[in-house]
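Okay, everyone, let's get going.

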Amino acid sequence: MLDLSLDSVDSALKRARTSLLCRRPPVADRERPPASGSPSGDAIVADFVDAYESVDLDALVRLLTDDVFCSMPPMPFEYEGRPAFGVHLRAPNGIAHGVGLIVLTLAGDQICAMSRFENAVLPWFGLPRSLPSR
């Protein structure tokens with residue numbers, strides 16, 4: 001699809017992983033995430049969903065760590081830090097409903113990273129492009 005060799009893709013992934021590791025503080029320097037499926041982890045995700053669906057930008061920003069890192073692959077948009085991401089959220093079309101998949105990384109009781117993927121990439125994850133109506 002990208003017209004790249006397997007070696008080129010492997011090399012790009014190694015560089016990307018190294019770059020991400022350099023950006024994030026070591027695990028020892030930040031709070032551990034809640035256990036998967038724990039009530040506290042579920043509560044953070046529920047708060048995020050409530051704030052996102054109601055477009056409560058202040059509530060969204062409060063859920064973020066000061067050094068939050070947000071990306072939107074495959075687009076080259078990245079935001080580092082609560083102030084930078086807060087500005088993005090408040091921009092016209094900064095938050096769009098029903099667009100793609102959002103992956104959250106938790107630290108303690110906050111969100112320390114977020115990746116947002118467009119609907120077009122959902123089949124790569126084995127997911128449908130849209131969910132049936134609730």
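So, start at the hairpin that S3 and S4 make: there are 2 residues between the strands, and Gly108 in that turn has a positive phi of about 60°. When I say strand or helix, I mean DSSP runs numbered from the N terminus: E for strands, at least two residues, and H or I for helices, at least four. S3 covers residues 101-107, and its pairing with S4 is antiparallel, over 7 bridges. Pairing here means that DSSP finds at least two bridges between two strands. One example is Leu101, whose bridge partner in S4 is Phe117.

A quick word on where this comes from: it's a predicted model, with local features needing pLDDT of at least 70 and side-chain atom pairs counting only at pLDDT 80 or more, while totals for chains, interfaces and linings use all residues. Residues are numbered from 1 along each chain as its sequence is written, and side-chain values use heavy atoms, with hydrogens and water left out.

Now, S4 itself. That's residues 110-117, and it's mostly covered, with 6 of its 8 residues buried. Buried is under 20% relative accessible area, exposed is over 50%, and partly exposed is in between, using a 1.4 Å probe and protein chains only.

What about S1? It runs parallel to S4, joined by 4 bridges. Leu64 stands opposite Ile111 in S4, and Cys70 stands opposite Met114 in S4. S1 is mostly covered too, with 6 of its 8 residues buried. On to S2, residues 78-80: S1 and S2 pair in the antiparallel sense over 3 bridges, and a hairpin through 6 residues joins them. There, Phe69 stands opposite Glu80.

Which residues have the most contacts inside the largest nonpolar core? They are Phe48, Leu60, Phe85, Leu89 and Ile111, in a core of 18 residues. H2, H3, S1, H4 and S4 each supply at least two residues of this core. A nonpolar core, by the way, is a set of buried Ala, Val, Leu, Ile, Met, Phe, Trp, Tyr and Cys residues joined through side-chain atoms within 4.5 Å. Take Ile111: leaving out residues up to four places away in sequence, it touches a list that includes Ile44, Phe48, Leu63 and Leu104. Touching, or contact, means heavy atoms within 4.5 Å.

Let's look at the end of S1. Ser71 lies in that strand, which spans residues 64-71, and Ser71 counts as buried because its relative accessibility is 13%. Its side chain makes a polar contact of 3.2 Å with the side chain of Ser115. That term means a pair of N or O atoms within 3.5 Å; within protein, one must be able to donate a hydrogen and the other to accept it, and residues adjacent in sequence count only if both atoms are side-chain atoms. Beyond neighbours within four places in sequence, Ser71 is also in contact with residues including Phe77, Glu78 and Arg116.

Now the cysteines. A disulfide needs a pair of cysteine sulfur atoms within 2.5 Å, and the count comes to 0 disulfides. Cys70 is buried, at 0% relative accessibility, and Cys112 is buried with a relative accessible area of 3%.

Last stop: Val55, in the loop between H2 (39-53) and H3 (57-62). Its phi is near 55°, a positive value in a residue other than glycine. At 38% relative accessibility, Val55 counts as partly exposed.
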